[in-house]
Amino acid sequence: MATAATPAPPATPPSESKLKGVQPLRAGEGHSYLWHKLHSLSGIVPIGAFLVEHIISNFETLNGPLAYAQQVKFLNSLPLVRVLEWAFIFIPLAFHALYGLFIAFRGRVSVNVYPWASNWMYVSQRITGIIAFFYIVQHVWRQRFSGISLPENPGAAFHKVQVELSNPWMLAIYVIAMIATTWHFAYGIWLFAAKWGITPGDKARKRFGYVCTAFGLALCLMGLASIYAVVWEYPNAPANVMPAQPAGIDLPAPTVPPPNSTNPDQPGEVR
């Protein structure tokens, strides 16, 4: 006589402590291990390093259009700048963004079942990543590849951004994107340290979380201050604050006649 099978016990939900722990990346966990490693690393170097440099460079807008133009000119005069631009900015950024979108749309969101802080952080990281992706695409296209070319005309950089931010909708997009991008990067640093075993244990991660929060807030405030300078601090900036010239080439310094010359404006030596 057949006996009825004993029903399996109901599945117990995972504990909160288990979900909030960030498991380190380990080899042998599937073919995606290498891609996850590269994605995690590329978010810090070179993309994170470029984001920090970009915000610091844009902070020059607080010193006016000419100071910002000189910063743009300096960056575009670096040796092999176009090779560096593609090798360390565009290509890594494309990989990080596209693989990040793949992870975001492939992952399962469970905040409706387990509304814990860790799950909300997981969701926010993906939402801010999507916002950053679409913002960066339009920003690179508008500022780098359309309109006046800034590498050859660094003096037009301030005015070009100012014209774009004169649209209230674009201004709102810049503000939202600045908050989202700096949040994504700051929390990405925290995740990187946890997944790579740099901050083992809850106490170490909690302390490092304060550091990442302060760092992210500082970057965000610097970015918002740059936007403020462009829109309100220096309104109606000139279309070009320096003559058009190839990046990295300085105009010859004006010659000053020596004393005792025939120039009537120069005082001669009194004997």
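The following legends describe close-up views of a predicted model.

**Basis of the views.** In this predicted model, local features need pLDDT of at least 70 and side-chain atom pairs count only at pLDDT 80 or more, whereas totals for chains, interfaces and linings use all residues. Residues are numbered from 1 along each chain as its sequence is written, and side-chain values use heavy atoms, with hydrogens and water left out.

**Figure 1. The protein chain comprises nine helices and zero strands.** Helices (H or I, at least four residues) and strands (E, at least two) are DSSP runs, numbered from the N terminus. The order of elements from the N terminus is α-α-α-α-α-α-α-α-α. Of the 271 residues, 36% count as buried; buried means under 20% relative accessible area, exposed over 50%, and partly exposed in between (1.4 Å probe, protein chains only). Contacts are heavy atoms within 4.5 Å. Of those between residues at least 6 apart in sequence, 74% join residues at least 24 apart. The accessible surface is about 17,100 Å², with 69% belonging to carbon and sulfur atoms; such areas come from the Shrake-Rupley method with a 1.4 Å probe, and for residues only the protein chains shown count as cover.

Figure 2. A salt bridge is a side-chain nitrogen of Lys or Arg within 4 Å of a carboxyl oxygen of Asp or Glu, and the whole structure holds two. In one, the closest N and O atoms of Arg-82 and Glu-85 are 3.6 Å apart. Arg-82 and Glu-85 are separated by about one helical turn, because they lie three residues apart in helix α5. In the other, Glu-85 meets Arg-144 at 3.0 Å, N to O. This pair links distant parts of the chain, with Glu-85 in helix α5 and Arg-144 in helix α6 (residues 117-145), 59 residues apart. Glu-85 is buried at 13% relative accessibility, while Arg-82 is partly exposed at 30% and Arg-144 is partly exposed at 21%.

**Figure 3. Trp-86 and Phe-90 form an edge-to-face aromatic pair.** Rings of Phe, Tyr and Trp (its six-membered ring) pair if their centres lie within 6.5 Å; planes under 30 degrees apart count as stacked, over 60 as edge-to-face and the rest as tilted. The structure holds 14 aromatic pairs. Trp-86 is partly exposed, at 46% relative accessible area, whereas Phe-90 is buried, at 15%.

**Figure 4. Four aromatic residues, Trp-35, Phe-95, Tyr-99 and Phe-102, form one cluster.**

**Figure 5. Charged ends sit over the rings of Trp-196 and Tyr-122.** The criterion is NZ of Lys or CZ of Arg within 6 Å of the ring centre and within 35 degrees of the ring normal. The charged end of Lys-37 is 3.6 Å from the ring centre of Trp-196. For Arg-126 over Tyr-122, the distance is 3.9 Å.

**Figure 6. Leu-80, Val-83, Leu-84 and Phe-88 make a nonpolar surface patch of about 410 Å².** Patches are made of residues with over 30% relative accessible area and no salt bridge: like charges are joined within 9 Å, nonpolar side chains (Val, Leu, Ile, Met, Phe, Trp, Tyr) within 5 Å. Val-83 lies in helix α5 and is exposed, with a relative accessible area of 52%.
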